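Open the model in your viewer and keep the selection panel at hand. The stops below go from an annotated span to a sheet and then to the ligand.

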Amino acid sequence: MEQAPSTLQPSGSVRAGSGSEEPPVPGLLRLACAGAVMAEALPLRVELALGRTSPELGEAQDPRMSRSHARVHHDGRRFWVTDLGSQNGTWVDGEACVAGTPREARRVIRMGDSLFVPSADVGPLMRCGVRVVEGFVRGPAFQRLLEQVARTAGHGFSLHIHGESGTGKEEVARTFHAQGPGARGPFVAVNCAAIPQGLAERLLFGARRGAFSGADDAEGYLQAADGGTLFLDEVAELDLGVQAKLLRALETREVLPLGGSRPRKVDLQVCSAGNRDLRAMVANGKLREDLYFRLGRPEVTLPPLRQRPEEIPALVAMSVRELSPELSAHVTLLEACLLRPWPGNVRELRVEARAAAQEALLRGALRVEVSHLGPSAGTAFGPPSSAPLEPAPKTSSPPPSRVSPLEEGERARVVEALRQHGGNVAATARALGMHRTQLRRLLERHGLSLEDGSS
Ligand SMILES: Nc1ncnc2c1ncn2[C@@H]1O[C@H](COP(=O)(O)OP(=O)(O)OP(=O)(O)O)[C@@H](O)[C@H]1O
């Protein structure tokens with residue numbers, strides 16, 4: 001049951017369902033005002049003059065903004081900010097502006113204690129706002145995706161959720177379950193990457209007493225999910241033999257436990273998830289083609305957090321409050337979090353925001369500022385990025401070299417973390433704010449082994 005959602009949007013703004021057919025509306029996402037988190041869309045036709053009394057800013061005013069603070073201009077493709085000699089200054093993408101000199105803004109603008117993010121389309125935020133439902137922050141893209149998933153669940157047997165690690169795929173799977181015919185049944189989540197190879201069959205399909213020495217009767221995950229939904233995260237990590245047996249069970253709706261002679265009927269929906277391109281995995285022989293057709297369609301994609309900036313301030317404020325209700329997130333912390341790329345997505349952001357809050361408490365502060373945030377938090381793939389939030393227009397610039405400085409930074413950071421944690425995968429992953437699966441993939445990509453952490 002959904003508890004009454006709270007919505008971070010101005011009263012009077014429009015809220016509707018999907019609006020993807022609408023033409024894009026460039027503008028600013030106003031994500032903080034006077035230090036308080038908000039999520040409001042400010043459409044921008046050509047120019048917006050922002051200041052303490054601007055009619056565009058409505059009733060929510062920031063006393064630290066000057067009456068005539070800055071001008072934001074959109075040239076049809078890019079956003080430009082000019083500080084108008086404000087008392088407290090204007091920061092664009094983390095750097096202070098010189099009054100009177102236009103500066104291109106790509107990621108975040110700070111004026112007083114207010115934050116604005118330039119966006120090629122503020123329409124979705126105008127229509128949907130940002131909602132917080134049972135401690136889960138849902139921006140417009142997330143809301144639209146959940147609507148789509150709810151429709152699929154009504155008349156579908158399976159769903160595949162594609163998305164980077166830590167983006168919230170389990171919440172999407174839970175919506176698929178809650179909206180499907182087995183909503184009253186169990187929801188069983190299985191991380192296939194975490195199952196030791198030799199145990200996969202026993203854990204998935206169960207075992208009969210005597211199947212192997214010391215074996216007792218045990219239910220598998222498929223039997224446990226009977227009448228509900230089985231959520232298989234990283235399904236392509238199962239070995240091909242287990243994949244064949246899984247496919248058979250899903251097709252026949254019967255599970256034969258290890259050492260058993262009589263299969264048991266099961267009735268379940270299946271939701272799978274992962275970060276890799278399943279078609280490429282089929283092509284590489286890592287995923288059975290027939291299992292792909294059973295599980296891989298339909299597919300929905302959950303965008304990474306860096307493409308959902310409107311959720312970031314609410315997530316940070318929530319994580320800080322979780323540590324202590326007396327703490328508050330300062331605008332400089334929110335700004336820094338908007339500037340970093342968060343390769344570990346929401347999981348990493350929440351871990352690092354809580355760590356910053358803890359640091360503030362240790363230093364006796366009740367306001368969590370950027371100085372409390374770990375310098376490498378949110379940058380596991382290199383230094384803080386200045387890449388635009390929306391895809392940049394195609395240019396004829398030369399292709400990047402094979403090993404970019406960003407990748408070198410990432411490799412060095414992983415090696416250092418491994419060294420600090422004695423090659424322990426779980427501890428290293430935790431320290432980097434990522435999932436173990438994500439760390440294993442990084443090690444693979446950089447040709448590293450656990451021994452690379454020993455010095
Ligand atoms: N929008 C959100 N609001 C609040 N918490 C969130 C949100 N999205 C994710 N989280 C939290 O972040 C953590 C990671 O989310 P989740 O486990 O769903 O990620 P995932 O995409 O399944 O990643 P992985 O494949 O690595 O498991 C969880 O603790 C989850 O509750």
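Start by selecting residues 48–97, where UniProt, in an unreviewed entry, places the feature "domain: FHA". UniProt positions follow the numbering used here, feature names are shortened, and annotations may be inferred rather than shown by experiment. Residues are numbered from 1 along each chain as its sequence is written. The model is predicted: local features need pLDDT of at least 70, side-chain atom pairs count only at pLDDT 80 or more, and totals for chains, interfaces and linings use all residues.

The span 48–97 is 36% strand and 0% helix, and its end C-alpha atoms are 17 Å apart. Helices (H or I, at least four residues) and strands (E, at least two) are DSSP runs, numbered from the N terminus.

Next, select β4, β5, β6 and β9, which form an open antiparallel sheet in the order β4-β5-β6-β9. Strands pair if DSSP finds at least two bridges between them. At the edges, β4 (47–50) and β9 (103–105) each pair on one side only. Zoom in on β6 (residues 79–83), joined to antiparallel β9 by 3 bridges; F79 is opposite A105 in β9.

Now show the ligand and the 18 residues around it, of which S165, G168, K169, E170 and V346 come nearest. Here, near means that the C-beta atom, placed from the backbone, lies within 6 Å. At least two shell residues come from each of β13 (136–138), α3 (169–178) and α11 (345–362).

Finally, color by domain: the ligand shell lies between domain 2 (140–302) and domain 3 (308–372), because both give residues to it. These bounds come from an automatic or database domain assignment.
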